[in-house]
Amino acid sequence: MSQAKARVLDRIDLMILDVLQKDGRISNVDLAKQVNLSASPCLERVRRLESEGYIERYGAVLSAAKLKYGMSAFIQVTLDRTTADVFNQFREEVVKIKEVAECHMVAGGFDYLLKLRFEDMEAYREILGVIVELPAVSQTHTYVVMENVKRDLGIPVL
């Protein structure tokens, strides 16, 4: 949707987004009760929020530890040159590494910040070996997470 057509969300739209963000499996009837609407108008609003791109997808939060991805780390990646073709090559390759949970191009003293999930230090060492061989990588710095103090709880819409 273009910026020109972007409409302002009202209080009920924001409430719907907040509830769905916390519980994507809530029934439409229960959602409608929580936001003080009848079921039909509530469903229309949800469908509109989906079609306008405010709701990108639905999913479940999985237990990383139970699925053998209980450790995480952040890696700063510096490239040896910063040209469009190098950025494109790096992006094309880094998205193929399943242990890379997030990859952000950043401004500052390095080029990319990666968030990794892995089982143990042996697995980390193998992943690092893959990352340092990516196109134009000249330097990495790793920060292993010792404790999750706060996790992403979604977008603060209310």
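Predicted model: local features only at pLDDT ≥ 70, side-chain atom pairs only at ≥ 80, totals over all residues.
Modeller: Residues are numbered from 1 along each chain as its sequence is written, and side-chain values use heavy atoms, with hydrogens and water left out.

Biologist: Why are helix 1 and helix 3 called roughly perpendicular?

Modeller: Helices here are DSSP runs of H or I with at least four residues, and strands are runs of E with at least two, numbered from the N terminus. Helix 1 (residues 11-22) and helix 3 (residues 39-51) pack at about 80°, their axes 11 Å apart. Axes are lines fitted to C-alpha atoms, for helices over the stretch in contact, and angles run from 0 to 180 degrees between N-to-C directions. The class "roughly perpendicular" covers 65 to 115 degrees; helix 1 and helix 3 are therefore roughly perpendicular to each other.

Biologist: Which residues of helix 1 and helix 3 meet?

Modeller: Ile12, Asp13, Ile16, Leu17 and Leu20 in helix 1 meet Cys42, Arg45, Val46, Arg48 and Leu49 in helix 3, where contact means heavy atoms within 4.5 Å. By class, this contact has seven nonpolar, no polar and three charged residues.

Biologist: What makes the buried residues of helix 5 line one face?

Modeller: The buried residues of helix 5 (residues 121-131) are Tyr124, Ile127, Leu128 and Ile131; buried means under 20% relative accessible area, and exposed over 50%, with a 1.4 Å probe and protein chains only. Seen down the axis of helix 5, these residues fall within an arc of 105°, so they line one face. The arc is that of the directions from the helix axis to the C-beta atoms. An α-helix has 3.6 residues a turn, so residues three or four places apart point the same way. On the other side of helix 5, Glu122, Arg125 and Glu126 are exposed.

Biologist: What covers the buried residues of helix 5?

Modeller: The cover includes strand 1 (71-79), strand 3 (112-118) and strand 4 (137-144). Helix 5 lies across these three strands, running at about 145° to strand 3.

Biologist: How do you know that strand 2 and strand 3 pair?

Modeller: Pairing requires that DSSP finds at least two bridges between two strands. Strand 2 (residues 100-105) and strand 3 have five bridges, in the antiparallel sense. Among the facing residues, Met105 has Tyr112 as its bridge partner, and Val100 stands opposite Leu116.

Biologist: What makes strand 2 and strand 4 edge strands?

Modeller: The open sheet of four strands has the order 2-3-1-4, with antiparallel pairing. Strand 2 and strand 4 each pair on one side only.

How values were computed. Parallel < 35°, antiparallel > 145°, perpendicular 65-115°, else oblique. Nonpolar A, V, L, I, M, F, W, Y, C, P; charged D, E, K, R; others polar.
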